[in-house]
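Hi,

Here's the structure I promised to send over.

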Amino acid sequence: MLQIKQFRKFYHHRLVLSVSDFSIGPGIYWVKGANGSGKSTLLRSIAGILHFEGDILLHNKLMLKKHTRAYRSEVNFAEAEPVFPPYLSGQEMIALFASAKNAAATQAEQYIDSMQMQTYIKDPLNTYSSGMLKKLSLVLAFIGKPSLVLLDEPLITMDGPSLRVLYSWIRESREQGVSFLLSSHQSPEEQALPMTASLLVEAQTLKLETP
Ligand SMILES: Nc1ncnc2c1ncn2[C@@H]1O[C@H](COP(=O)(O)OP(=O)(O)OP(=O)(O)O)[C@@H](O)[C@H]1O
């Protein structure tokens with residue numbers, strides 16, 4: 001499903017992550033690692049929003065750097081701490097994403113309803129709490145028809161009922177073939193979210209840990 005080749009990421013000449021050849025099949029993966037180990041760097045690179053050496057392939061055919069548009073239409077990403085334009089509403093952000101992802105704006109309605117966001121979805125984003133912003137970023141990550149969804153710290157700032165809703169979205173999407181990379185410092189509840197394997201980011205590289 002995902003292949004990382006001759007990957008190196010530097011910040012100001014400092015090597016942060018080096019992965020020579022790494023591949024994983026479809027599934028739900030828990031991205032683990034200490035603070036500052038490079039989890040966000042890995043996810044942001046796979047999302048195509050950071051410059052790096054090497055290349056990343058999806059489904060053995062879509063190269064991030066060569067087939068950028070097609071690759072991006074398959075990969076959705078939710079940042080750990082999402083930042084949105086303050087004067088847009090949640091609904092306007094959803095409309096923007098839906099247009100960028102060639103999706104119907106109505107696709108998000110089921111997500112808005114299940115996360116109980118109806119009462120504030122039309123309000124400007126500078127009035128949202130961090131949990132409300134987190135939920136919006138998660139809705140955006142499910143818009144379109146992604147085959148890979150990257151969720152950076154999706155469990156933080158979410159209350160218990162919202163977490164259960166998120167787990168159900170992930171399980172349902174997985175049943176439809178969508179894969180997930182999910183970074184977290186806390187172990188996702190195994191029964192609620194069956195993990196295929198863990199990806200450990202450590203010592204400037206990436207290791208697969210099977211259960
Ligand atoms: N924009 C940047 N400029 C310079 N260094 C950076 C930048 N972003 C991240 N780094 C460095 O890269 C390393 C990896 O950071 P990253 O945010 O990927 O770690 P992380 O595993 O996601 O950390 P955490 O668990 O604390 O969120 C850290 O040493 C960090 O200081």
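Sorted by class, the residues of its shell come out as eight polar, two nonpolar and one charged. By name, they are Tyr11, His12, Val16, Gly33, Asn35, Gly36, Ser37, Gly38, Lys39, Ser40 and Thr41. Which helix gives the largest share of that shell? That would be helix α1, residues 39-46, with three residues. Do keep in mind that this is a predicted model.

Now the chain as a whole. The protein chain has six helices and ten strands. Its C-alpha atoms take up a box of roughly 45 × 35 × 35 Å along the principal axes. I also checked the radius of gyration: the protein chain comes out at 17 Å, and because a compact globule of 211 residues would be near 17 Å, the two agree. As for burial, 35% of the 211 residues count as buried.

One last thing, from the records: an unreviewed UniProt entry lists residues 2-205 as "domain: ABC transporter". In the model, that span is 29% helix and 27% strand, and its end C-alpha atoms sit 16 Å from each other.

Cheers

Key:
Residues are numbered from 1 along each chain as its sequence is written. This is a predicted model: local features need pLDDT of at least 70, side-chain atom pairs count only at pLDDT 80 or more; totals for chains, interfaces and linings use all residues. A residue is near a molecule or strand if its C-beta atom, placed from the backbone, lies within 6 Å of it. Helices (H or I, at least four residues) and strands (E, at least two) are DSSP runs, numbered from the N terminus. Ala, Val, Leu, Ile, Met, Phe, Trp, Tyr, Cys and Pro count as nonpolar, Asp, Glu, Lys and Arg as charged, and the others, Gly among them, as polar. The radius of gyration is taken over C-alpha atoms; the globule rule is 2.2 Å times the number of residues to the power 0.38. A residue is buried if 20 or more other C-beta atoms lie within 10 Å of its own, exposed if 12 or fewer, and partly exposed in between; C-beta atoms are placed from the backbone. UniProt positions are given in the numbering used here, feature names are shortened, and annotations may be inferred rather than shown by experiment.
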